[in-house]
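Here is a short tour of a protein model, meant to be read with the structure open beside you. Please bring up the fold and follow along.

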Amino acid sequence: MAAASSSDSEGGRAESSEASSKWLDAHYDPMANIHTFSACLVLADLHGDGEYKLAVGDLGPSGRQPCLKVLKGPTVLAESALPALPAAAAAFLMGQHEPRTPALALASGPCVYVYKNLRPYFKFSLPQLPPNPLEQDLWNQAKEDQINHLTLKEMLEGIREKAEVPLSVQSLRFLQLELSEMEAFVNQHKSKPIKRQAVITTMTTLKKNMADEDAMSCLVLGTENKELLVLDPEAFTILAKDAVTSLCFGRYGREDNTLIVTTRGGGLIIKILKRTAVFAEGAGEVGPPPAQAMKLNVPRKTRLYVDQTLREREAGTAMHRTFQTDLYLLRLRAARAYVRALESSLNPVSATAREPLKLHAVVQGLGPTFKLTLHLQNTSTARPILGLLVCFLYNEVLYALPRAFFKVPLLVPGLNYPLETFVESLSDKGISDIIKVGHPLV
């Protein structure tokens, strides 16, 4: 009885604590597989139905497989892969036309990906930065074979330590190589132009014409090289650009709306919003465009159109039977192709219960270097798979793979395991071939 009384008292305290809490536990899922941070979370009414969705810039497990996820309650509504890790996300209205549904912007690397209705709409890339002139001169000398790779290494190391302008990614990759690999790298890249690209580190929105909640907004981007860019929401052009190092907005002195800005050169800018400022409506018209109300000049029905209509009316049954015959033939060919895939072990899902595996390959990139990601999943209900080996079979004349053999870790049922490698196309004639995934015999 004492034990029962103790249990009842503990349950009563838990109920009392839950009743006095200011929060309701709506959902809890420790296995939701979401890896992100605050700047990549956005709550927005993406469909204009009054129901707000959660947009997540997901880094993926261990910083791999970045993607954009949109959740409705605990359910993932949409998912799109990203080419680089996300840095920030924001929702904003691009125009005044109906329906007033916000767009979703996601900053990733040097680009901003804009989605409308959960579909890719526009991609904005940061302008390239001017390279270090000393670095450019060194690579030009290497191109003319005036200096060797050892001299190039020493000179680039001196520039990296003293120069104010950072080195390009090409030079940094070169300095990370072993001495035995540097000469081949120089021969491969000495003819390529030096490029230095900025990276977006933060992003927010700024009202363009009005301060209303549903007003059109501009995207404000902060870059790694301490620049602040303001993008036009309609044309996606840069409206303002400044090397800003910090921003602060609030009450200063006796003024409530004060913006304080410091610049890279040590400058201080203080802007006070006028008390008489009126945010008037922009020049753009609200609602559908005038062309929508114009009557279309529909051409007259031709004799050919009338004859075709009569033919479809008279031979409708025969046309439907022909369509059904072609549909059955298509299904038959698909079934035969599936059987051939099962017989030659080319199907992505194992047909035997001895090795319950599901395989999915994804290729990313525009070439000549591609990223090949192989996704493995154990489809069994309870049995893990251990000691699996995977290798890629390819034509060594056409492709080069720095990592063509994997020792797969323990595969837990139901989880997705990505295996990544890079593929370099060696052919300059655009010739392609099949890369097969196999299990080596040991």
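Predicted model: local features only at pLDDT ≥ 70, side-chain atom pairs only at ≥ 80, totals over all residues.

As background, nonpolar side chains in soluble globular proteins tend to be buried together.

Leaving aside residues up to four places away in sequence, valine 114 touches Phe92, Met94, Ala103, Leu104, Ala105, Arg119, Pro120, Tyr121, Phe122 and Phe236.

**Strand pairs**

| Strand pair | Bridges | Facing residues |
|---|---|---|
| S7 and S8 (residues 119–125) | six bridges | valine 112 and phenylalanine 124 |
| S16 and S17 (residues 369–378) | eight bridges | alanine 361 and leucine 374 |

The hairpin of S7 and S8 has two residues between its strands, and asparagine 117 there takes a positive phi near 55°.

The pair S16 and S17 belongs to an open sheet of four strands, in the order S16-S17-S21-S19 with antiparallel pairing. Strands S16 (357–364) and S19 (399–400) are at the edges with a single partner strand each, so one side of each has no neighbour in the sheet.

**A helix pair**

How do helices H2 and H3 pack, and at what angle? Helix H2 (residues 133–143) and helix H3 (residues 149–162) meet at about 175°, and their axes are 10 Å apart. H2 is therefore roughly antiparallel to H3. On the H2 side, Leu134, Glu135, Leu138, Trp139 and Ala142 meet Leu152, Met155, Leu156 and Ile159 of H3. The residues of this contact are eight nonpolar, no polar and one charged.

**A loop proline**

Finally, proline 193 sits in the loop between helix H5 (179–189) and S9. Is proline 193 buried or exposed? Its relative accessibility is 56%, so proline 193 counts as exposed, the cut-off being over 50%. Proline 193 lies 57 residues from glutamine 136 in sequence, and their C-alpha atoms are 8.5 Å apart in space.

Definitions and conventions: Residues numbered from 1 in each chain as written. Heavy atoms only, no water. Contact = heavy atoms within 4.5 Å. Pairing = 2+ DSSP bridges. Axes fitted to C-alpha atoms, helices over the stretch in contact; angles between N-to-C directions. Parallel < 35°, antiparallel > 145°, perpendicular 65-115°, else oblique. Nonpolar A, V, L, I, M, F, W, Y, C, P; charged D, E, K, R; others polar. Buried < 20%, exposed > 50% of the residue type's maximum accessible area, 1.4 Å probe, protein only.
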